[in-house]
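I opened my notebook to get to know a new structure, starting with its ligand. Here is what I looked up, step by step.

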Amino acid sequence: MLQVGRIVRACSRIGRVNYSSAALPQTKLFINGQFVDSETSDWIDIHNPATNEVIGRVPQATQGEMEAAVRACERTFPAWSDTSILNRQQIFLRYQQLIKDHLKELAHLITLEQGKTLADAEGDVFRGLQVVEHACSVTSLMLGETLPSLTKDMDTYTFRLPLGVCAGIAPFNFPAMIPLWMFPMAMVCGNTYLMKPSERVPGATMFLARLLQDAGAPDGTLNIIHGQHAAVNFICDHPAIRAISFVGSNQAGEYIYERGSRNGKRVQSNMGAKNHGVVMPDANKENTLNQLVGAAFGAAGQRCMALSTAVLVGEAKKWLPELVEKAKKLRVNAGDQPGADVGPLISKEAKQRVCSLIDSGVKEGAALLLDGRNIKVKGYENGNFVGPTILAGVKPDMTCYKEEIFGPVLVVLGADTLDEAIDIVNKNPYGNGTAIFTTNGATARKYTHLADVGQIGVNVPIPVPLPMFSFTGSRASFRGDTNFYGKQGIYFYTQLKTVTSQWKEEDATLTSPAVVMPT
Ligand code: NAD
């Protein structure tokens, strides 16, 4: 079982009620440096996905509480944006160390609320930590440009300034990494931040807020509200909020992009995916099959960069039986159990949805080579488990291909040539990630140039860029024009200002008005 003692200590640090008490642990709001109880009468239960036990509840913040959180952001912005960049950098240098020191506690909280395996939960924290580490390079990242002597005595230079109050809306699948894509980048640039974590997994964000406070972030620079639609609408409509970062489903992301943009805000919206792994017959078979299985079923397929679709080209179609054998060997279990490879799905509804998409594949003519629908996990009979599932002979018009499944289901298509595989990938509306497996450089080069997808792996199954680059999903997987983290993240959270200055020597003073456009 999860190490409850650790979780209790972690929860008391973030202002939750003890797990062993009769009362449900109640998630607090974080407003102006205080962890406060919500006065709402509207609460959402948090479940342990491995057991479906209710382990806590999260408030739908009231209008007054959300207003107070934005006011705190507004009030602290002038002083925070005026704080020397070296001091802001120091806070984030301390923050990255605190995250490292508490990585395991954070991972336990993630496994408890989200279900993923402990090792994977540590990876979740680690990939977010890397963004914080990169944010510490702000003194280089925020540099402007200068061009001297544009004309006599005239220089032009740019600098980047924070926008003001920014906000983030996060999904359930990476409880630490995705909030860490958001507020550290924004705040190190001098913005203040309003965060709304996923109502299903708020614990990691609350813990991260406490650590940021311990690192020295002044009260009110980061504020956290909870809720669903009302909180999202509040963020999209509030006039003080200048920019919104969203990660989640297309349904929510399109809506937030449109509503936020209509209200004059900058919005970046990272959304759903259908990532294809194209397997060439010249690939290293053992390596490729292992990578494919890991990337399809790891995190129970609940990653936006999961390789959920395989396109086997030519002779590689014969590798299917071995693919199935490898997938069969994965151990499905609660995320905190030793040796677990695949944890539960986030909710009963998610399990139902995934199973009905598998059903649809069977009805529409796909071959069910591995069926995880009826899996039973000993000791966790009430959990939301679906075992690794493989549907082969899938065609592009099938529902299981058109919809993002977001579960441990690999759909397999065949193609006779690389060109045919590229055509399949490019006809799919999503453009988040893809990978090609090959030992031929020319094949790899052709694929990376012609596949119309934002993030491409060559013999790398989940090509999520490290934070010195940016997360560059495209087409239906992204709305906006500036991506998350890396240089793009800095651009998103700053306003470019251009200054043209002329310092003339006295004897060069104009003797009459210059009425002609300067050239
Ligand atoms: P979700 O859209 O249900 O929830 C995300 C956030 O939006 C939550 O904070 C939620 O409260 C809010 N929300 C949910 N429905 C809403 C609605 N109808 N209107 C307004 N707000 C709403 O997403 P999820 O289920 O938490 O996450 C899974 C999805 O996120 C998948 O589609 C996955 O591909 C995507 N995702 C994308 C990326 C990426 O970088 N492209 C990364 C992670 C997850």
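This is a predicted model: local features need pLDDT of at least 70, side-chain atom pairs count only at pLDDT 80 or more; totals for chains, interfaces and linings use all residues.

I looked up histidine 229 and found an N or O atom of its side chain 3.2 Å from a nitrogen atom of the ligand. Next I turned to glutamate 404, where a side-chain N or O atom is 2.6 Å from an oxygen atom of the ligand. Then I checked arginine 200, which has a polar side-chain atom 3.0 Å from a ligand oxygen. How much of the ligand's accessible area does the protein cover? I read off 90% of the 840 Å² that the ligand has on its own.

**Entry two: the surroundings.** I found 27 residues around the ligand, and Ala170, Glu199, Ser249, Met271 and Glu404 come nearest. I sorted the shell by type and got 14 nonpolar, nine polar and four charged residues. Helix 7 (177–188), helix 9 (229–237) and strand 10 (241–247) each give the shell at least two residues.

**Entry three: the whole chain.** I stepped back and noted 17 helices and 22 strands in the protein chain. Its radius of gyration is 25 Å, close to the 24 Å from the globule rule for 519 residues, so the chain is as compact as a globular protein of that length. Along the principal axes, I noted that its C-alpha atoms fill a box of roughly 85 × 65 × 40 Å.

Notes:
Residues are numbered from 1 along each chain as its sequence is written. Side-chain values use heavy atoms; hydrogens and water are left out. A residue is near a molecule or strand if one of its heavy atoms lies within 4 Å of it. A polar contact is a pair of N or O atoms within 3.5 Å; within protein, one must be able to donate a hydrogen and the other to accept it, and residues adjacent in sequence count only if both atoms are side-chain atoms. Accessible areas come from the Shrake-Rupley method with a 1.4 Å probe; for residues, only the protein chains shown count as cover. Helices (H or I, at least four residues) and strands (E, at least two) are DSSP runs, numbered from the N terminus. Ala, Val, Leu, Ile, Met, Phe, Trp, Tyr, Cys and Pro count as nonpolar, Asp, Glu, Lys and Arg as charged, and the others, Gly among them, as polar. The radius of gyration is taken over C-alpha atoms; the globule rule is 2.2 Å times the number of residues to the power 0.38.
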